[in-house]
Amino acid sequence: MTDTSSSTRTRLALLRAELKARKLTGLLVPRQDEFQGEYVAAYAERLKWLTGFGGSWGLAIVTLKKAAIFVDGRYTIQVRGQVDTKLITPQHLIDEPPTAWIAKNLKKGDHLGFDPWLVTADQAKRFREACEGVGAAFVPVDSNPIDVIWKDQPARPAATLSTQPTQFAGRTAADKIKDMQKAIAGHDAVVLTQPDSVAWLFNLRGFDVPFTPVVPAYAILHAKGKAELFVSPEKLTEEVKTHLKKIAFTRKPSDIEASLKALGKAKARVLIDGAWTPERIREVLAKSKATVATGTDPATFPKARKNAVEQEGARTAQRRDGVAITRFIRWLEAEAPKGSLTELDAAAMLREFREATGELKDLSFETIPAAGAHAASPHYHADAQSNAPLKMNQIFLVDSGAQYIDGTTDITRTVIVGEPTSEMRDRFTRVLKGMINLSRIRFPKGTCGSQLDVLARAALWNAGLDFDHGTGHGVGSYLSVHEGPARINKADRTPLEPGMVLSNEPGFYKQGEYGIRIENLFMVHEAKEIPGGERKMLGFETLTLCPIDRRLIDTSLMLPDEVKWLNDYHARVLKEIGDFLEGGELDWLKKACAPI
């Protein structure tokens, strides 16, 4: 028996004993914390502690006799490598959803427990209906059973907050609050539960979770008067207290239920976003007789539509990051053929190049340095066990990003170490064609990502190929690298609006051999009018500045206008970041950006 199996077996036994003591049949164990974040602090890694699974999304259901863990397509391989499948059965989130599992495995009279701070109002409704469908009950618990049995659970982090200066935010928090108070007309208050919304609205940044400088706190914005911000006092520096004094009352996190009940007592009409708000908040409001209305978090769209200052900050951050990435790729091209470089070596050196800018706050996610067959897994995680050498005639894919005070970056470059095969060049060129065609499209207002997604896939489709992830996601301004609401994929229906920053990252993955992805960030803007045009159009301004590996391009597959786009892009890269390089690095950049 392995150590992992032994610890999982022990922890499941402890949990089941706790469930029996509470007269519960089972427990829902989500990966999320009380803020539904992609990245969570160590204390909130309950799913990982219980099962061993370390992905960014997952959910387990543990009953007195069975256990299942649900993951999406990103983690079907990873989950089987990290979880003891004799004790916990992996299930595909889409093909075998938790609600279907509940229908098959629970029966009349069963009680499935859940922590109402970790499950959203919308999720609770779905799970409650699934339980009631078989005569079972979905029961909120007063305290999380895992917290009871996890004896060495890490403490909650207490990093102090910082302000985001107006010179980078573009607008004062007071002005944002006034605008949002107008936006919630017809409601007496809105409860904000997304950390990036709270950070954006109050011009604050936090440091409790890795990679994402959000503020892990709830807030109540009243239609009139000051807001309420529920944050631990030890997080507030004197600067932050002064910053908040005129716009918000600061209260302890434990005070939120009293404030929610006060809204009920006042018969207030309160807006919540059911997709993000904990079920406990909805429940307290409803029981206290507040009128609960559901709708989109009112900070979502204003946050996504970067203002002029944030837009310029994004350009500056991308230029700075482009210099660091370019220096890294030049170093990589020289060092990788020597045969001693590993994936983790490359990731560490990339961080050093970013740190050399003197402006790096953090990475925006854990770097994905994927050599050879590892590149065929879009969400590959390199660690001491998987760390592979970079070998000759293999592809190396590196997906990385950085947090700077003026912007958040995310870039993927695929390079060849040695010589590529003709198939590699074919696939790379088809991915490149997709990235180019999406970059240069003009589209009418109201267009959404699902209407553009095909542009990134057409060259692959023509060869009977595709990729199984979305083409693009939104990106914040010194906030989350994965920001809503807009995305570019086969299903998203959110209209693209000027100021939104998104990724453009088509790919191709040949399992067991190699993977390819090319990722730039671009920003939606109003396109220049053209003679004869009858409608105002939008387009994309490419933000990312870094050479694309010309050695992997098969020019015979490219159309003249695609070649022109690439040559123009490389000329721009040379112009905008060449001034920051000198000597051998500048010579290398000139060659990397030479016309094809």
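Helices (H or I, at least four residues) and strands (E, at least two) are DSSP runs, numbered from the N terminus. The buried set in H17 is Gly449, Ser450, Leu452, Asp453, Ala456, Arg457, Ala459 and Leu460. Buried means under 20% relative accessible area, exposed over 50%, and partly exposed in between (1.4 Å probe, protein chains only).

## Basis of the model

This is a predicted model: local features need pLDDT of at least 70, side-chain atom pairs count only at pLDDT 80 or more, and totals for chains, interfaces and linings use all residues. Residues are numbered from 1 along each chain as its sequence is written, and side-chain values use heavy atoms, with hydrogens and water left out.

## Cavities

A search of the whole structure finds 5 cavities of 30 Å³ or more. On a 1 Å grid over the protein atoms alone, a cavity is a set of points where a 1.4 Å probe fits but cannot get out; a pocket is an open set with protein on both sides within 12 Å along at least five of seven lines; lining residues have an atom within 4 Å of a point.

The largest cavity holds about 80 Å³. Its lining residues include Lys306, Glu310, Asp406 and Leu543. H14 gives the most to this lining, with 3 residues.

## Second largest pocket

The second largest pocket has a volume of about 290 Å³. Of its 18 lining residues, Glu333, Asp549, Arg551, Trp588 and Ala592 lie nearest the centre. Strand E20 (411-417) is one of the elements that supply at least two lining residues. E20 gives the most, with 4.

## Backbone geometry

The peptide bond from Gly484 to Pro485 is cis, with omega near 5°. Pro485 lies in strand E23.

Lys23 has a positive phi, near 60°. Lys23 sits in the loop between helix H1 (3-21) and strand E1 (26-30).

How values were computed:
Grid points are joined across faces, edges and corners, and a volume is the space filled by probe spheres set on the points.
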